Amino acid sequence: MINSDLFNGLSHLLNTRVVRRSSALYDADQKNYGSDFIFRELGSYPSKRAARLASFGLILAFLVISTPLRHIVRRFLPKPGEGPDKSTRENGWFRGLFKVEAEDGEVKYFQIYGDGDPGYKATAQMVCESAITLAISDELVVGGVLTSAYGLGNPLLDRLIKSGIKFEEVIYN
């Protein structure tokens, strides 16, 4: 993955804004990410051609959902309740790799990994753990427009780990 072609990730426009909001909230609470904090989300692609095709697909999808074309395309998409079958949900997986460069120049890699289809089972798992954290935790930050990192923080992280999602450092030689 380290030696593959890197381009903007599939969700970089949204995720970058959420991470920057979390950073601003932590700054205001004097628990900042660091004075030189920068966040970029990149996707790993097997080639520049594959990255261009993914980018083209995203642009096309945006054009479809933001124009009247969505009414035509909707007829060909799965209906509510027609998601992936059980085998697909159970046998999928996801992995996110994060490169962290500290102010002193030290570089470390971390990953999040989980079992289950990332667009269905793993997402539902994370949403449910977030809801349970909101319902039962006494350690949450209260008030304002918060991100999950800032508002749910360590209580959510603990629940996600207990539910089987792994967060770990990756060592590259």
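Here are some notes on the aromatic pairs and salt bridges in this predicted model.

1. Let's start with the rings. The structure has four aromatic pairs. One of them is Y26 with Y150, which sit edge-to-face, 4.9 Å from centre to centre and with 80° between the planes. Y26 belongs to helix 1 (residues 12-28) and Y150 to helix 6 (residues 148-151), so this contact ties together parts that are 124 residues apart in sequence.

2. Are these two tyrosines buried or exposed? Y26 counts as buried at 17% relative accessibility, and Y150 is buried too, at 11%.

3. Now for W93 and Y113: their ring centres are 6.2 Å apart and the planes meet at 25°, so the pair is stacked. W93 lies in strand 3 (residues 93-101) and Y113 in strand 4 (residues 107-115), so here the parts tied together are 20 residues apart in sequence. W93 is exposed, with a relative accessible area of 51%, while Y113 is partly exposed at 26%.

4. Back to Y26 and Y150: together with Y33 and F37, they form one aromatic cluster.

5. On to charges. Side chains of opposite charge can pair when their charged atoms come close. The count here is five salt bridges. Among them is K31 with D29, whose closest N and O atoms are 3.5 Å apart; D29 is partly exposed at 33% relative accessibility.

6. K99 bridges to E101, with the closest N and O atoms 3.4 Å apart, and E101 is exposed at 56%. E106 and K108 form a salt bridge as well, at 3.8 Å between the closest N and O atoms. E106 is partly exposed at 41%, and K108 is partly exposed at 32%.

Conventions:
Residues are numbered from 1 along each chain as its sequence is written. This is a predicted model: local features need pLDDT of at least 70, side-chain atom pairs count only at pLDDT 80 or more; totals for chains, interfaces and linings use all residues. Side-chain values use heavy atoms; hydrogens and water are left out. A salt bridge is a side-chain nitrogen of Lys or Arg within 4 Å of a carboxyl oxygen of Asp or Glu. Buried means under 20% relative accessible area, exposed over 50%, partly exposed in between (1.4 Å probe, protein chains only). Rings of Phe, Tyr and Trp (its six-membered ring) pair if their centres lie within 6.5 Å; planes under 30 degrees apart count as stacked, over 60 as edge-to-face and the rest as tilted. Helices (H or I, at least four residues) and strands (E, at least two) are DSSP runs, numbered from the N terminus.
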